[in-house]
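Please look over the structure below before reading the numbered points.

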Amino acid sequence: MLLSLIIAESALEIVPSKIVSHPSVVNQARRESKKPQEVLLDRSYHHAAMRNIPEAYRRGRPDIIHISLITAIYTPFFLEDKLQVFVHTREDKVITVGKGARLPKSYPRFVSLMEQLFQQKKIVSEDNILLDLKQENFTGLVKRLRPETVIGLSRIGKKSSFAEMAGSMAKTNGGTLVIGGFPRGHFSNTVSKEFDRILSVHEQPLEAHVVIARSIYELERVFG
Ligand SMILES: C[S@@+](CC[C@H](N)C(=O)[O-])C[C@H]1O[C@@H](n2cnc3c(N)ncnc32)[C@H](O)[C@@H]1O
């Protein structure tokens with residue numbers, strides 16, 4: 001049985017055109033010999049420019065996606081092809097991570113790979129598709145996966161636990177787990193309306209990669 005993990009509404013995007021000429025963007029791009037219109041939005045460099053864009057507090061965090069993906073794809077569950085991983089972005093792009101894909105652990109190399117992906121829409125390595133990017137909204141992705149259940153994890157969901165979440169997944173014939181790829185705030189209604197259940201797995205707000213690591217561990221225990 002194949003389970004899916006979606007990292008949803010992820011804070012991963014190219015610098016919006018509105019702030020592409022801001023000095024913080026131009027300077028960072030020049031330092032790295034890149035085109036300002038092709039660099040990833042990153043709060044650690046573009047903080048000043050981001051004052052001019054809406055919902056800045058939940059944008060420009062490619063590091064969250066990097067750590068989350070690295071956490072997910074080196075687990076036995078993913079390596080044994082029991083889990084497929086998708087990154088849905090707040091601009092409704094969906095990145096499909098290819099079977100057995102390896103991604104750089106170095107953050108600058110990951111950023112360059114993502115910038116290349118946004119340009120070319122596909123990263124191929126030795127004839128295998130490593131990453132594939134297409135325009136697709138969250139509803140479209142869920143329809144395509146046709147899971148028997150969609151469980152969203154949120155601190156403000158129904159009180160539960162990692163083990164209970166994994167147990168609910170085990171009762172179905174294939175499910176999808178959704179974790180937010182943003183630093184603050186909660187899922188938008190367009191995403192949460194697709195959930196069959198919203199569960200809180202810990203009383204504290206946790207980092208996305210911690211939630212992913214512990215979720216996969218419990219899924220491995222249940223699914224073997
Ligand atoms: C950094 S959090 C986003 C911030 C949000 N305020 C929150 O606490 O859910 C990233 C993601 O981790 C998951 N998450 C974090 N803490 C959680 C908890 N206690 N229970 C369930 N999911 C959690 C959610 O999927 C969330 O969207």
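1. Contact here means heavy atoms within 4.5 Å. On that rule, eleven residues of domain 1 touch nine residues of domain 2. The assignment, automatic or from a database, puts 3–11 + 60–223 in domain 1 and 17–56 in domain 2. The C-alpha centres of the two domains are 26 Å apart.

2. The model is predicted: local features need pLDDT of at least 70, side-chain atom pairs count only at pLDDT 80 or more, and totals for chains, interfaces and linings use all residues. Residues are numbered from 1 along each chain as its sequence is written, and side-chain values use heavy atoms, with hydrogens and water left out.

3. Between domain 1 and domain 2 about 860 Å² is buried (accessible area, 1.4 Å probe, lost on putting the two parts together, summed over both). Carbon and sulfur atoms give 50% of this area.

4. Two salt bridges cross the interface of domain 1 and domain 2 (side-chain nitrogen of Lys or Arg within 4 Å of a carboxyl oxygen of Asp or Glu). Lys-34 forms a salt bridge with Glu-115, with the closest N and O atoms 2.8 Å apart.

5. Strand 4 (residues 122–125) and strand 5 (residues 128–135) pair in the antiparallel sense over four bridges. Strands are DSSP runs of E, at least two residues, and pairing needs at least two DSSP bridges. Val-124 has Ile-129 in strand 5 as its bridge partner. The two strands form a hairpin with two residues between them, and Glu-126 in the turn has a positive phi of about 45°.
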